[in-house]
Amino acid sequence: MNSAPLNSKELKAQAHRLGFVACGLAPAEPVQQWYARRFRQWLQLGYQADMQYMQNHVEMRLQPTLLHPGVRSIISLALNYMPSRQQPGISLYAQGRDYHDVMRERLRQLMAEAGLQGRCFVDTAPVLERYWAWRCGIGQFCRNGLIAVPGYGPTVFLGEIFVEQESDAYDQPLAPPPHDFAGWQSLCPALTPQGLDARLCISYQTIENRGELPQDLHLHRTFYGCDRCLRACPQFGESQPTQDEAFQPSPQLLGMQENDWRTLTPEQYKALFKDSAVKRAKYQGLVRNIQNWKP
Ligand code: SF4
């Protein structure tokens, strides 16, 4: 194993060249007590709804060495996904290609170019990605629990690399954002002082819920995801369109009108969302959402 410490400055320059808008490093220490307590409380309250996987591997989420023995440093990275055009009804993050694929490709590229030894993660392993983004100093927590990167707002995807090398320098968390989110609790019942209650969240209901939608749920103008609290967040003002083609909607998606959605066939669904995160809702789930949609 290469035991030379990572050159953090060079690594950040390489990350920047690959299109990452933020890159930070932290020692692979256990998650801090305040956040661990908050996470356990969130689970106890049942705010994870049916996302059973959040209850699995709790200790592994809180202790990085249990997930990857030998990890010494954690690198948190962000990609700007703010599309310059949007198909209404679909959340901003899901307009382009599936971020899991795009982020994984970029993280692997960075690992190869920088000679990093370890593993990379994109929202598919027991990793508290928002905590690490905060701890690595690349962003600040918003009231809705998302991370906002200064200069790019909360419209960013996060990825992590667990590396077996130490770094020549580590980053510190950023100070809290200067503007609070006035009226955040009255914006949506899912936003609570203890965190986001997924059971009441349109995003969870339209993407993760495989059953019926709750009768009293109002989808507003969306049928996949929800951007209301994202757009209401003061840091959303810092979001700026990405140059990354991967996150732009296809002409076919942009061309869809309300009536096209109401008559969507499985074949059209497959063609439109072949490489998209929208696949997660499956055809039946998307049709169920569209039936409840009031544009
Ligand atoms: S995403 Fe929408 S439903 Fe979920 S917490 Fe934010 S505003 Fe509420």
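**Asp123.** I looked up Asp123 and found it partly exposed at 41% relative accessibility. My cut-offs, with a 1.4 Å probe and protein chains only: buried is under 20% relative accessible area, exposed is over 50%, and partly exposed is in between. Asp123 is in the loop between strand E3 (118–121) and helix H6 (129–135). Helices (H or I, at least four residues) and strands (E, at least two) are DSSP runs, numbered from the N terminus. I noted the backbone too: Asp123 is not a glycine, yet its phi is positive, about 60 degrees.

**Ground rules.** The model is predicted, so I took local features only at pLDDT of at least 70 and side-chain atom pairs only at pLDDT 80 or more, while totals for chains, interfaces and linings use all residues. Residues count from 1 along each chain as its sequence is written, and side-chain values use heavy atoms, with hydrogens and water left out.

**Ala49.** I checked another positive phi. Ala49 has phi near 50 degrees, and it is a residue other than glycine. Ala49 sits in the loop between H2 and helix H3 (58–62). At 17% relative accessibility, I logged Ala49 as buried.

**Helix H5.** I went to residues 99–114 next. H5 has 16 residues and reaches 22 Å from first C-alpha to last, close to the 22 Å expected at 1.5 Å a residue. That expected span is 1.5 Å times one less than the number of residues. Which residues of H5 are buried? I listed Tyr99, His100, Val102, Met103, Arg106, Leu107, Leu110 and Met111. They cover an arc of only 170 degrees around the axis, so they sit on the same side of H5. The arc is taken over the directions from the helix axis to the C-beta atoms. On the other side of H5, I found Arg108 and Ala112 exposed.

**Helix H1.** I repeated the check on residues 8–17. Ser8, Leu11, Gln14 and Ala15 are the buried residues of H1. Seen down the axis, they fall within an arc of 120 degrees, so they line one face of H1. The face turned away from that buried side carries exposed Lys9, His16 and Arg17.

**Second largest pocket.** I read its volume as about 370 Å³. A pocket here is an open set of points on a 1 Å grid over the protein atoms alone, where a 1.4 Å probe fits, with protein on both sides within 12 Å along at least five of seven lines; lining residues have an atom within 4 Å of a point. Points are joined across faces, edges and corners, and the volume is the space filled by probe spheres set on them. Of the 20 lining residues, Gln86, Pro88, Gly89, Arg221 and Thr222 are the closest to the centre of this pocket. I sorted the lining into eight nonpolar, seven polar and five charged residues. Nonpolar means Ala, Val, Leu, Ile, Met, Phe, Trp, Tyr, Cys and Pro; charged means Asp, Glu, Lys and Arg; the others, Gly among them, are polar. Where does the second largest pocket lie? It lies between domain 1 (8–163) and domain 2 (189–233 + 250–291), because both give residues to its lining. The domain bounds come from an automatic or database domain assignment.

**Loop residues and a tail.** I looked up Val31 in the loop between strand E1 (22–27) and helix H2 (33–44). Val31 is buried at 5% relative accessibility. Its C-alpha is 13 Å from that of Pro173, 142 residues apart along the chain.

Val149 lies in the loop between strand E5 (147–148) and strand E6 (156–163). With a relative accessible area of 3%, Val149 is buried. I put the C-alpha atoms of Val149 and Leu174 at 9.9 Å, for 25 residues along the chain.

Is Asp216 buried or exposed? I have Asp216 as exposed, at 63% relative accessibility. Asp216 is in the loop between helix H8 (202–207) and helix H9 (228–232). From Asp216 to Leu200, I noted 9.8 Å C-alpha to C-alpha and 16 residues in sequence.

Last, Pro295, in the segment after helix H13 (282–291). Pro295 is partly exposed, with a relative accessible area of 47%. The C-alpha atoms of Pro295 and Gly145 are separated by 27 Å.
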